[in-house]
Number of protein chains: 2
Amino acid sequence: MEQRVSLITLGVADLANAAAFYERLGWARVEAPDGVIAFDLIGQTLGLFGLSALAEDIGVAEGTLGRGAVTLGHNLRTKEEVDDLMQRAEAAGATILKPPQAAYWGGYHGYFADPEGHIWEVAHNPFSPLADDGAFCWNGYG
Amino acid sequence: MEQRVSLITLGVADLANAAAFYERLGWARVEAPDGVIAFDLIGQTLGLFGLSALAEDIGVAEGTLGRGAVTLGHNLRTKEEVDDLMQRAEAAGATILKPPQAAYWGGYHGYFADPEGHIWEVAHNPFSPLADDGAFCWNGYG
């Protein structure tokens, strides 16, 4: 199995509300079938899909799908960018779980939950600088 | 906010067992601090982190972290590759949730849960061919 994730799909109860949150953060949708909201990432796509539709597509009961034990990391080039994005996320409707602060591994980070409870970590990692296009390469931080 | 996810972190109850599953699928770890298992993806890293440590790092109660309403998609170039990977995942310890089959959007896919309940979709999408390096570019399937 090659080491890659092609799609990240977030199951959401309120598709329109979830989509509006990411659009308030400046993300632009790409064309997608009815019932799916898609955002192109770098070599990857993030999709929003109704919780019940996702459960049906997988073939499991909707109640078995929880949220939160996956975190999506968005790394930035400076601490100031972390502070700024956390503020913009809160303004866009996020719940701040951990305000920006020094992280135990030597960087700087905060956490927010999107309107559906999916958890994002916003971080500056001085040990793993981003490529020009934003791609992230693990450099064994900490 | 740029459209990218730098890190995907899966909260897991049994770090060694979760890591062994991905290693059985052929993934190679990169160096990481104690308590973290890291796999380099394309321009992105997937990390395994203890559920209680993740909850503490976020600052929420462990019981609030569920699993499953995020799916991680791994796309392949042919239907046969989908069948093969689903079989190898089962042999490595995955639970098959949906055997490989035609998908409503015109492709071919199946779902499995890793030993911790995190859900992967394995798919062939004829509308969105992969780049040579495996990078995925959404092409509005369906």
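**Note on a predicted two-chain model**

1. Domain contact in chain A. Nine residues of domain 1 of chain A are in contact with nine residues of domain 2 of chain A; contact means C-beta atoms, placed from the backbone, within 7 Å. S1 and H1 of chain A each supply at least two residues of the domain 1 side. Helices (H or I, at least four residues) and strands (E, at least two) are DSSP runs, numbered from the N terminus. H1(A) gives the most to that side, with four residues. By class, the domain 1 side has seven nonpolar, one polar and one charged residues. Ala, Val, Leu, Ile, Met, Phe, Trp, Tyr, Cys and Pro count as nonpolar, Asp, Glu, Lys and Arg as charged, and the others, Gly among them, as polar.

2. Basis. This is a predicted model: local features need pLDDT of at least 70, side-chain atom pairs count only at pLDDT 80 or more, and totals for chains, interfaces and linings use all residues. Residues are numbered from 1 along each chain as its sequence is written, and chains are lettered from A and ligands numbered from 1 in the order in which they are written.

3. Domain bounds. Chain A is assigned domain 1 (7-64) and domain 2 (71-124); the bounds come from an automatic or database domain assignment. The C-alpha centres of domain 1 and domain 2 of chain A lie 20 Å apart.

4. Helix H1(A). A:Ala18, A:Phe21 and A:Tyr22 are buried in this helix, residues 15-24. Buried means 20 or more other C-beta atoms within 10 Å of the residue's own, with C-beta atoms placed from the backbone; exposed means 12 or fewer, partly exposed in between. The three cover an arc of only 90° around the axis, which puts them on the same side of H1(A). The arc is that of the directions from the helix axis to the C-beta atoms. The buried residues of H1(A) pack against S1 (7-12), S3 (36-41), S4 (44-50) and H3 (79-92) of chain A. A:Gly26 follows H1(A), with a positive phi near 100°.

5. The order is S2(A)-S3(A)-S4(A)-S1(A)-S5(B)-S8(B)-S7(B)-S6(B), an open sheet of eight strands with mixed pairing. Strands pair if DSSP finds at least two bridges between them. S2(A) (29-30) and S6(B) stand at the edges, each with a single partner strand, so one side of each is left without a neighbour in the sheet. S2(A) and S3(A) pair antiparallel over two bridges. A:Val30 stands opposite A:Ala38 in S3(A).

6. H3(B) (79-92) touches S5, S6, S7 and S8 of chain B, and its direction makes about 10° with that of S7(B). Axes are lines fitted to C-alpha atoms, for helices over the stretch in contact; angles run from 0 to 180 degrees between N-to-C directions.

7. Chain interface. 57 residues of chain B are in contact with 57 residues of chain A. S5(B) gives the largest share of the chain B side, six residues. That side divides into 30 nonpolar, 20 polar and seven charged. S5(A) (70-76) runs antiparallel to S1(B), joined by four bridges. A:Val70 has B:Leu10 as its bridge partner there.

8. A:His74. This residue is found in S5(A). A:His74 is buried, with 22 other C-beta atoms within 10 Å. A:His74 and A:Trp120 are 46 residues apart in sequence, yet 7.2 Å apart in space, C-alpha to C-alpha. Leaving aside neighbours within four places in sequence, A:His74 is in contact with A:Trp120, A:Val122, B:Met1, B:Arg4, B:Val5 and B:Ser6.

How values were computed. Contact = placed C-beta atoms within 7 Å.
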